[in-house]
Amino acid sequence: MNARKLVLSQTHCTQIPQTIRNSLLCAAVDPPHSNPPFLPKPPILATGLLKSYFERGLIREARTLFDEMPERDVVAWTTMISGYTSCNLHGRAWVVFCEMMRYADVRPNEFTLSSTLKACKGINSSSRGALVHALVLKEGMSGSLYVSNALLDVYATCCVNMDKASAVFHEIRGKNDVSWTTLIAGYTHRGDGYMGLNVFRRMLLEEGESNPFSFSIAVRACASVHSCTYGKQLHAAIVKHGLNYNLPVMNSILDMYCRCSSLNDAKQCFHEMTQRDSITWNTLIAGYEKSDPYESISSYSRMESEGLSPNCFTFSSIIAAVANLAILSCGEQIHGRIIKRGLGGNLELDNALIDMYAKSGNVASARRIFDKMPTKNLVSWTTMMIGYGSHGYGNEAVDFFEEMVKFGVRPDRIAFVAVLNACSHAGLVDKGVRYFISMVGDYNIAPDLEIFGCLVDLLGRAGRVEEAFQLIESMPFDPDESVWGAFLGACKAHNHPDLGTLAIRKVLALKPKIAATYVVLSNIYAADGKWCDSAKMRKLMRRMASKKEAGRSSVEIKNQNYSFVAGDKMGSHMDCVDEVVKVLVEHMRDARYIPDLDFFIHDLEDGT
DNA sequence: CTAGGGTTAG
């Protein structure tokens with residue numbers, strides 16, 4: 001080591017553990033006698049220091065030290081690569097690997113290759129993974145289980161399908177549980193839960209051995225296919241293997257019950273858990289968020305009273321729950337707590353807040369959050385767009401979409417659904433059609449049934465009913481209830497009785513599951529004077545509605561929340577609602593709006 | 001110096 005190196009080491013050493021510092025300084029002051037002076041020992045100590053820097057997140061220091069190292073062996077290079085990936089700087093890790101291959105006179109070993117493959121996964125690049133794959137073959141490293149498993153993981157997470165991953169998997173001789181779990185996770189994380197479960201079963205048959213990792217990912221697969229039956233079987237197997245004391249495994253079981261909407265099982269599972277961490281609570285809170293927002297909020301207070309502090313995940317769920325209930329004052333309170341806890345700039349939380357303010361009718365506040373965000377992603381833009389679109393600002397929503405594209409954010413399918421809905425409500429038919437063409441042509445997004453539904457609605461609302469019908473006939477999907485429903489509305493609004501009759505037949509053949517469909521049908525019959533058919537629809541609807549919990553609406557009046565279902569009598573509060581409705585009707589008359597009484601719900605008693 | 005699992009947003 002030269003003198004310059006010694007000085008540098010001392011400056012670096014101010015922030016490192018005493019033991020490393022001492023050994024490094026000793027090594028620098030007293031070179032080992034066993035080494036001849038012109039053949040320096042490999043920089044083992046400096047590499048140890050490098051690793052220590054990365055563990056503490058001291059990236060700049062690590063880089064400076066590495067740059068100053070007079071001699072850098074494979075281990076030093078590999079430490080840089082794995083150090084960067086462990087700090088989530090996968091791009092830099094890749095650059096170091098390229099530098100090593102280009103300029104350094106060292107050959108990569110199995111450590112280097114598997115660390116580099118992890119970096120490829122981090123930057124989501126299967127092509128770079130394939131490059132490393134070639135190198136693996138060239139270096140004769142394909143026998144290394146670590147390398148093969150890392151390669152399998154890159155292909156499983158970054159490729160469009162599982163072909164390459166499964167090819168790698170089948171070539172591994174002496175597969176271990178990591179190989180199996182990586183394959184299962186690959187299928188499961190891309191939404192192919194059945195295939196994931198299939199591989200899991202094969203693993204149990206062939207391996208005869210299981211591990212907690214594979215169990216929790218298999219449980220996740222059950223959740224993704226909403227199979228509570230498989231989930232319960234796995235739960236039983238987990239108890240049998242004594243894994244019901246493994247916290248991550250039980251968290252995944254809890255999540256599975258929530259996602260399968262088995263809230264009673266979720267509740268029981270939660271109570272039986274001997275150990276709970278913040279993920280347990282977050283899972284429960286997120287699970288209740290969709291079906292029982294009140295319970296979600298009360299779980300949150302219980303979580304806090306048990307001394308666990310909520311994090312971004314907790315608040316995201318709570319904000320979503322509040323958004324579903326549209327209780328603005330509560331949302332503002334939670335927003336305050338988020339700021340107090342210093343979680344203000346979190347991207348996902350800000351996105352949830354935009355949605356909450358927009359759903360509570362406060363589009364301006366939503367926009368304020370959006371404007372203040374240090375970084376925005378596609379979800380931020382889309383949420384804001386939906387906020388505009390669903391409050392009658394169709395033109396603003398469309399402008400917003402344009403601005404987003406100009407900003408360099410690439411829209412996905414959901415963003416197109418949002419902009420098409422906005423066009424539909426703003427009456428911008430031609431623009432909407434152009435967006436559809438651009439979506440397919442410029443963005444290479446395959447339209448699905450939902451997108452075709454938007455298009456049918458767009459054409460139908462604008463009165464281009466025949467075109468809408470041709471579209472339904474020519475699209476590569478079987479139209480569902482919502483497509484026919486949108487079309488039916490158009491037939492009625494623009495007076496196309498023949499196509500309307502056809503649509504009615506099609507809708508009824510699908511045995512509708514949405515109550516609103518029966519309302520539309522009933523009203524169409526009623527408008528036509530077919531009272532008997534109309535009543536039949538009401539009857540079918542009531543029979544269906546009684547099977548499931550009624551959809552509740554919430555309203556906030558003077559800091560009081562009222563929740564009610566259609567047809568509810570809210571007692572004395574009803575007077576207040578009636579008053580508001582009367583005022584609204586006055587406004588409508590002033591604006592010379594002629595109400596379409598055909599759309600009024602004909603609440604006929606059965607048999608009339 | 002190396003590989004696999006659990007919770008967020010449109």
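How near do the axes of helix 14 and helix 15 come, and at roughly what angle do they cross? The views below take up that pair along with other spots in a predicted model.

Residues are numbered from 1 along each chain as its sequence is written, and chains are lettered from A, ligands numbered from 1, in the order in which they are written. In this predicted model, local features need pLDDT of at least 70 and side-chain atom pairs count only at pLDDT 80 or more, while totals for chains, interfaces and linings use all residues; side-chain values use heavy atoms, with hydrogens and water left out.

**View 1. Chain A as a whole.** Chain A holds 33 helices and two strands; these are DSSP runs numbered from the N terminus, helices being H or I with at least four residues and strands E with at least two. Of its 608 residues, 43% count as buried, where buried means under 20% relative accessible area, exposed over 50% and partly exposed in between, with a 1.4 Å probe and protein chains only. Taking contacts (heavy atoms within 4.5 Å) between residues at least 6 apart in sequence, 58% join residues at least 24 apart.

**View 2. Helix 14 beside helix 15.** Here is the reply to our opening: the axes of helix 14 (residues 228-240) and helix 15 (residues 247-259) come within 10 Å and cross at roughly 160°. That makes the two helices roughly antiparallel. Axes are lines fitted to C-alpha atoms, for helices over the stretch in contact, and angles run from 0 to 180 degrees between N-to-C directions. Angles under 35 degrees count as roughly parallel, over 145 as roughly antiparallel, 65 to 115 as roughly perpendicular and the rest as oblique. The crossing is left-handed, a label used if the near helix is turned anticlockwise from the far one by less than a right angle, with right-handed used if clockwise. Cys-228, Gly-231, Lys-232, His-235 and Ile-238 of helix 14 meet Val-249, Met-250, Ile-253, Met-256 and Tyr-257 of helix 15. By class, this contact has seven nonpolar, two polar and one charged residues; Ala, Val, Leu, Ile, Met, Phe, Trp, Tyr, Cys and Pro count as nonpolar, Asp, Glu, Lys and Arg as charged, and the others, Gly among them, as polar.

**View 3. Helix 5 alongside helix 7.** The axes of helix 5 (residues 74-86) and helix 7 (residues 110-122) come within 9 Å and cross at roughly 20°. Helix 5 is therefore roughly parallel to helix 7, and their crossing is left-handed. Helix 5 brings Val-74, Thr-78, Ile-81, Ser-82 and Thr-85 to the contact, and helix 7 brings Phe-111, Thr-112, Ser-115, Thr-116, Lys-118 and Ala-119. These residues divide into four nonpolar, six polar and one charged.

**View 4. Phe-416 in the nonpolar core.** The largest nonpolar core has 170 residues, and Phe-416 and Phe-487 have the most contacts inside it. Such a core is a set of buried Ala, Val, Leu, Ile, Met, Phe, Trp, Tyr and Cys residues joined through side-chain atoms within 4.5 Å. Not counting residues up to four places away in sequence, Phe-416 touches Phe-401, Pro-411, Tyr-435, Met-439, Tyr-443, Ile-445 and Ile-451.

**View 5. Ser-296 in helix 18.** Ser-296 lies in helix 18 (residues 293-305) and, at 0% relative accessibility, counts as buried. Leaving aside neighbours within four places in sequence, Ser-296 is in contact with Ile-285, Tyr-288, Glu-289, Ile-318 and Ala-321.
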